[in-house]
Amino acid sequence: MDGGTGLVRIWAPPGLGKTRLVLEMERSMPSRRFLYLRGDRPPGGTVFGAFLAQWFGLDPRREVRWNREAFERVWQGLSLDPAARHLDLEGRKPFLSHLAGLPADEVVTRADPEERWERTAASLTCLMDILASRQSLVVVLEDLHRFTRDEIGMTSRIIGAGTGASRLFVVTGRPDDEGIPPGLTSISPMVPALEIRLEGLPRHSLTEFLEEGGAERPSRDLEEYLWNVAGGVPLFLGLAVDYLRESGRLAVSPDGTGLASPAGRLPSSIEEIFRSRFDLLTPFERKLAAAGAVVGPGVPLSELMAMADCDGPEDGPDRGRLSWIMTLEDDVTVFTHEMVREWVLGSVPIEQLPDLHLRAAEVLAGRKGIPASPSLSERLAGHLMMGGDTERALEYLESAARGYAGDFRNDLSARLYRKLVPLLEDPGRIRRELDLYDVYKQAGLLREAADLLSSTLKRADPSAVPPGLLAEVELRLGESLGSAGRLERAEELVRDSLRIFTGLDDLENMSRAHRQLGMILMASGRTEEALESTGSSVELARRTGDARLVCAALYWAAINWREVGDHRRMESCTLEQVELAAASGLTRSIIAGYDNLMRVHIYRGEYGEAEEVHEKLREAAERTANWAALNTAASKMGIIHLRRGETGEAADCFRRCLSLSDRTGNLRARCAALGNLAHAAVLTKDTSAAMVFATELIDLAGRIGYVPGLMSGYARMAYVLRMMGDLHSALECLQTQIEYAEVLKDSRNISDAWAMTAEIQYVLGDLDGSLASIERALEHSTAAGDMLLRGSQLVQKGRYLFMAGDPEGAAVHLMEALKNNRDRKGREHVVLRCRMYLEAIAGNDVTGMLREDMEPEVEAEVHFLRWKVTGDPASAERARALLDLAGPFESHPILRALADTVSS
């Protein structure tokens with residue numbers, strides 16, 4: 001583990017000695033520093049929060065000022081560490097102190113949930129790196145099965161973010177009922193890992209185990225009895241031996257250790273042994289243990305005694321007698337094993353449980369110094385619900401769900417909202433369903449979000465619900481259906497919500513509705529209506545004075561101007577958005593604006609300017625640990641490299657995107673990265689790699705139901721199959737691409753697919769089919785308002801017509817293409833081809849257009865056209881030689897036609 005990260009997984013059912021094995025590792029590795037993060041956290045805490053509170057020496061029973069000073073003392077030591085100089089430690093401080101339980105600073109409260117989660121994960125990783133720089137670190141994550149999904153995700157992020165420091169992670173946990181261990185998501189295969197699955201002691205080692213525990217020379221009948229009731233589970237064997245000793249059933253003599261004679265009836269199972277041993281305690285001790293089992297770990301003994309109706313020390317427990325069940329550490333009760341706690345809980349008479357749960361809620365709610373947290377609210381809600389106080393339980397349940405959503409812990413928030421919603425009546429139920437919708441959307445679960453609000457609309461009684469509330473449901477459902485490509489229904493819902501909001505003079509929601517309507521209309525190809533609607537969204541947002549709303553409206557206005565190719569207006573909206581976001585401290589909006597500015601420069605071919613914006617975007621994203629934005633930045637840099645012909649550098653960027661998508665768990669971002677990698681492989685003619693990436697993209701997009709990913713995947717697959725010469729299969733993929741593009745109303749992708757279909761048909765000799773397909777491509781590029789794409793397709797059709805012997809028809813299309821592309825930067829190659837063919841059609845010699853830096857296939861076209869005009873056989877021979885030099889051209893229709901013509 002020197003100089004890198006390693007991982008050891010230890011899985012075993014309860015009682016087999018996972019903790020004992022870890023302690024043995026610590027004893028045998030004195031040069032390593034061991035840190036423990038335990039799944040059994042205190043009330044209101046998290047795994048990482050409990051670790052930080054202990055690390056910084058915080059005491060929840062003390063006032064905030066005392067804990068703040070304790071935190072600062074430790075922090076000063078950390079800040080002096082040489083490793084901290086390179087890790088922006090001060091920028092991590094607010095997020096670490098908040099996670100440790102101190103009141104949140106403004107920088108934390110102003111961050112949106114996703115950014116807060118990202119920056120907290122980055123801060124924890126930073127702390128681990130500093131600690132590992134001091135001494136080789138072993139981080140023990142005990143009882144992973146008790147971690148929440150978000151905590152597992154955080155754990156995976158920390159493990160995967162190695163920086164060269166020496167770190168070993170030891171993870172322990174129980175398999176589920178089917179024997180499957182809890183998983184760690186997105187751990188890089190570059191992290192070396194060892195998996196250990198513990199099994200019970202073999203029968204032949206029982207004697208040695210008992211002798212180590214003090215039972216010298218155990219008799220055969222003793223071993224037989226212990227094996228029957230405890231098997232090879234060390235925890236059970238220890239409990240059984242202690243019971244026999246305490247109950248006088250164990251006989252020790254010079255001959256060894258055996259069962260007392262006569263032994264009488266002995267318990268026949270480990271559960272019976274527990275109950276028999278539990279009965280040896282006093283009634284109060286049993287009640288005290290039951291109280292501890294109900295309230296959970298981390299509660300001081302004094303509070304447990306209050307729950308058990310004990311007011312004075314005369315009724316206190318015998319700590320030695322209770323030690324096999326619970327121990328006291330810093331006056332806080334800790335059960336010796338989770339299974340022991342479960343057994344104690346199972347021993348409580350069912351009629352006593354409601355009262356104990358209500359007392360537990362009183363204890364937790366009344367504790368001083370414990371900050372409110374979603375986990376504490378959830379715990380209180382559970383106790384109140386079990387105690388029968390449903391009304392208060394719902395209040396705490398809602399508070400916990402809202403708090404988890406605010407911390408970007410979406411799975412926990414959604415789980416609690418799903419518990420809460422069926423217990424409410426409208427309109428309160430609808431409000432909470434809207435909250436759940438937001439959580440689903442935040443987690444990227446758009447299908448679940450749409451299904452939820454569809455059922456809400458079907459169930460809700462309009463006469464019992466405020467119209468504005470139902471309009472919110474319609475607006476958000478329209479948003480979700482629009483993303484899924486169900487544009488007609490989405491438009492209907494959004495227009496109805498807009499009508500209601502207008503009647504209520506609700507400017508904020510009117511702006512949101514217009515913004516959403518603009519997106520739907522643009523996807524439907526109704527560009528003028530879309531631009532009008534997004535313009536209304538911006539004006540309404542300005543009237544509210546809400547900077548966040550204005551920035552969102554400007555962002556989507558810029559996107560729509562991009563869709564129609566008006567990059568000047570796109571840039572204008574984006575610059576205004578960035579300026580307002582910077583003045584308002586809206587970091588994510590600044591990042592989104594930089595992303596759009598990069599697009600503007602890329603479209604214009606201004607790659608140097610795009611790189612300058614990329615640096616600003618990257619710095620802002622790294623400063624806020626925004627992995628999604630870093631993914632976007634890397635993707636844009638990949639596109640720049642592609643435009644420059646730097647395919648190797650582009651592939652490196654796209655592989656970085658793949659790694660970043662693994663960190664965030666964003667499967668849609670992974671789809672995009674796979675598509676870009678497939679495209680880069682196509683450009684380098686690496687058909688094997690391109691096929692792998694395209695296949696994985698189709699499989700992943702199909703698994704998550706991501707239609708844009710499926711559309712992209714089949715487009716990439718068609719390219720690969722065309723390169724491999726399997727033209728009929730390529731045509732099938734293109735038709736599938738068109739079907740998915742039609743679902744999304746994506747005119748640009750439909751146009752691209754028909755243009756490639758035309759190329760393949762031309763190669764196959766189907767001239768009529770090729771001309772029909774390129775005409776369809778032109779219809780859709782026109783509908784999309786993409787004049788650059790239309791210009792390329794006009795050239796394509798003009799060249800087909802020229803080859804088919806229709807120079808007049810060719811000239812019409814080439815003249816229009818020349819007009820559309822003449823003054824556009826980065827379109828010089830299109831303009832050159834137009835002029836070449838137009839000169840040839842006019843009967844002029846085109847060799848004056850030759851340049852030293854021409855690519856072989858372009859120069860071949862010049863000599864081909866000269867041959868067509870002059871009949872010079874030397875020009876035909878030169879064209880053929882250049883085509884051979886250009887490489888494989890069988891799948892390219894024009895080059896194929898040139899080669900066939902000059903060879904005949």
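**A walk through a 904-residue chain**

Hi everyone. Buried here means under 20% relative accessible area, exposed means over 50%, and partly exposed is in between, using a 1.4 Å probe and protein chains only.

A quick word on the model. It is a predicted one, where local features need pLDDT of at least 70 and side-chain atom pairs count only at pLDDT 80 or more, while totals for chains, interfaces and linings use all residues. Residues are numbered from 1 along each chain as its sequence is written, and side-chain values use heavy atoms, with hydrogens and water left out.

Now, the whole chain. Buried residues make up 53% of its 904 residues. Its secondary structure comes to 43 helices and nine strands; these are DSSP runs numbered from the N terminus, H or I of at least four residues for helices and E of at least two for strands.

What about the inside? The largest nonpolar core has 74 residues, and Val170, Leu226, Leu244, Ile325 and Val344 touch the most other members. By nonpolar core I mean a set of buried Ala, Val, Leu, Ile, Met, Phe, Trp, Tyr and Cys residues joined through side-chain atoms within 4.5 Å. A second, separate core of 72 residues includes Ala673, Leu721, Val831 and Val862. In soluble globular proteins, nonpolar side chains tend to be buried together.

Next, Gln737, which you will find in helix H35, residues 727-744. Is Gln737 buried or exposed? It is buried, with a relative accessible area of 3%. Leaving aside residues up to four places away in sequence, Gln737 touches Met711, Tyr714, Ala715, Asn749 and Ala753, where contact means heavy atoms within 4.5 Å.

Finally, some backbone details in the loops. The peptide bond from Asp426 to Pro427 is cis, with omega near 5°, and Pro427 sits in the loop between helix H19 (410-420) and helix H20 (428-442). Asp143, in the loop between strand E3 (137-142) and helix H7 (149-160), has phi near 60°, a positive value in a residue other than glycine. Asp143 counts as partly exposed, at 24% relative accessibility.
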